[in-house]
Amino acid sequence: MGIRGVAVSQSAGPHGPLGWVTAWIMPVFSDAYCGDLAGALGLQATDDLLEVACGAGAFLQKRATHVRHVAGIDHSEIQVRMARRRLRDRVERGTAEVVQGDSAALPWDDATFSAVACNCLGCFSRPERSLQEMLRVLRLGGRVALSIDHCPDDAAVKRAERSWGLPAWTDAGFCALLHDVGFRDIAVSHAKQMTIVRAAKL
């Protein structure tokens with residue numbers, strides 16, 4: 001596996017000795033647009049928030065301190081351990097939980113959350129199934145905010161998929177995917193070479 005393959009593998013799920021380094025570095029890059037995700041959600045004190053692929057928990061710690069309850073899920077044991085440590089006080093108070101698991105099989109009941117955030121859908125093996133699960137755990141009227149790499153046209157999508165071996169979408173293609181899954185009230189904005197998409201369960 002070449003350097004690019006290692007980078008993709010570690011970004012999708014930090015593991016092994018190198019995974020600890022990756023897990024510490026990733027929040028530095030993601031924090032630049034996590035504020036845009038939080039802004040798109042308009043988080044309120046009464047919200048129950050889920051972050052899918054929560055990584056080391058930086059978004060939940062920095063952007064959701066005022067939220068009633070936060071939950072995170074990640075399939076990397078390293079990331080989950082770091083997130084639990086970062087959110088230790090809230091976990092002990094019972095206002096936060098972090099679990100290791102699969103985004104395509106979320107371990108929560110239907111209509112558990114009022115808001116869902118995810119900043120790395122392109123790393124998932126079954127992104128459509130993961131979106132279906134996000135919709136399932138949202139309450140009626142709940143909203144989701146997602147960030148994906150901005151690809152302005154089909155040629156950019158093909159270049160991204162060829163370079164990284166991960167799924168990519170144009171804005172229109174991603175909005176169509178969300179609509180097909182069942183999300184409505186879909187809105188798109190752009191920030192720092194990322195596409196931020198907000199949608200609702202209506």
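In the predicted model, Arg 139 and Asp 48 form a salt bridge in which the closest N and O atoms are 2.6 Å apart. Because Arg 139 belongs to strand S5 and Asp 48 to strand S1, this pair ties together parts of the chain that are 91 residues apart in sequence. Arg 139 is partly exposed, at 27% relative accessibility, whereas Asp 48 is buried, at 10%.

A salt bridge also joins the side chains of Arg 143 and Asp 47, with an N to O distance of 2.6 Å. Here Arg 143 lies in strand S5 and Asp 47 in the loop between helix H2 (16–41) and strand S1 (48–52), 96 residues apart. Arg 143 has a relative accessible area of 10% and is buried; Asp 47 is likewise buried, at 4%.

In total, the structure contains 8 salt bridges. One of them pairs Arg 126 with Asp 102 at 3.8 Å, N to O. Both residues of this pair lie in loops, Arg 126 between strand S4 (113–118) and H6, and Asp 102 between strand S3 (96–100) and S4.

Helix H8 (residues 171–181) has the buried residues Asp 171, Phe 174, Cys 175, Leu 177, Leu 178 and Val 181. These residues lie on the same side of H8, because they cover an arc of only 155° around the axis. They pack against helix H6 (127–137) and strands S5 (138–149), S6 (184–191) and S7 (194–200). After H8 comes Gly 182, with a positive phi near 130°.

Note on methods. Residues numbered from 1 in each chain as written. Predicted model: local features only at pLDDT ≥ 70, side-chain atom pairs only at ≥ 80, totals over all residues. Heavy atoms only, no water. Buried < 20%, exposed > 50% of the residue type's maximum accessible area, 1.4 Å probe, protein only. Helix = DSSP H or I, 4+ residues; strand = E, 2+ residues; numbered from the N terminus. Arc of directions from axis to C-beta. Contact = heavy atoms within 4.5 Å. Salt bridge = Lys/Arg side-chain N within 4 Å of Asp/Glu carboxyl O.
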